[in-house]
Amino acid sequence: DPLLDTLRPVVEALGGTLVPSTEAGGDDVDVVWDGTVVAAVHRPDPHLDLHDALPTLITEVEHDMGQPCAEMDRSQKQKAVALLNERGAFTLRKSVEDVAEALGVSRFTVYNYLERAEAG
């Protein structure tokens, strides 16, 4: 189905799973097209371990910016920190340290980039 093929990557990017309507459960969100339930979305479990969340966010930012963090110049690193901040990366434990390591800068530098992002 073209509709489901179009929705699948969006649902997966948000951490959900697109399933046939016959497999829908009580917590799932129905996908309704022209008045008919055509599928359902299993939402991600809010109690999942967030262990891999930060590396995933860093990988996404690298993809969006078209290069690995280690190869970014100063302005690109500032933009990467701003993007990570927008995506909630710094709400995760030890994220400043991990982002600093990925970018090849100090924690102090990441805090400066964060200040700049929040001021701008």
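Where in the model is the place of Gly104?

Modeller: Gly104 sits in the loop between α4 and α5; helices here are DSSP runs of H or I with at least four residues, strands are runs of E with at least two, and both are numbered from the N terminus. Bear in mind that this is a predicted model, in which local features need pLDDT of at least 70 and side-chain atom pairs count only at pLDDT 80 or more, while totals for chains, interfaces and linings use all residues. Residues are numbered from 1 along each chain as its sequence is written, and side-chain values use heavy atoms, with hydrogens and water left out.

Gly104 is exposed because its relative accessible area is 63% (buried means under 20%, exposed over 50%, partly exposed in between, with a 1.4 Å probe and protein chains only). Ala70 is 34 residues away from Gly104 in sequence, yet their C-alpha atoms are 6.2 Å apart.

Now to the helix. The 13 residues of α3 should span 18 Å, and its end C-alpha atoms are 19 Å apart, which agrees; the expected span is 1.5 Å times one less than the number of residues. After α3 comes Gly88, with a positive phi near 85°.

Among the buried residues of α3 are Lys77, Val81 and Leu84. The buried residues of α3 pack against α2, α4 and α5. With α5 (residues 107–119), α3 (residues 74–86) makes an angle of about 70°, and their axes are 9 Å apart; axes are lines fitted to C-alpha atoms over the stretch in contact, and angles run from 0 to 180 degrees between N-to-C directions. The two helices are therefore roughly perpendicular (65 to 115 degrees; under 35 is roughly parallel, over 145 roughly antiparallel, the rest oblique). Residues making this contact (heavy atoms within 4.5 Å) include Lys77, Val81 and Asn85 of α3 and Val110, Tyr113 and Ala117 of α5.

Val81 and Val110 turn up again in the largest nonpolar core: of its 21 residues, they, Leu84, Phe90 and Val99 touch the most other members. Such a core is a set of buried Ala, Val, Leu, Ile, Met, Phe, Trp, Tyr and Cys residues joined through side-chain atoms within 4.5 Å. Helices α2, α3, α4 and α5 each give this core at least two residues, and α2 supplies the largest share, five. Beyond its neighbours within four places in sequence, Leu84 contacts Leu57, Ile58, Val61, Ala89, Phe90 and Val99.
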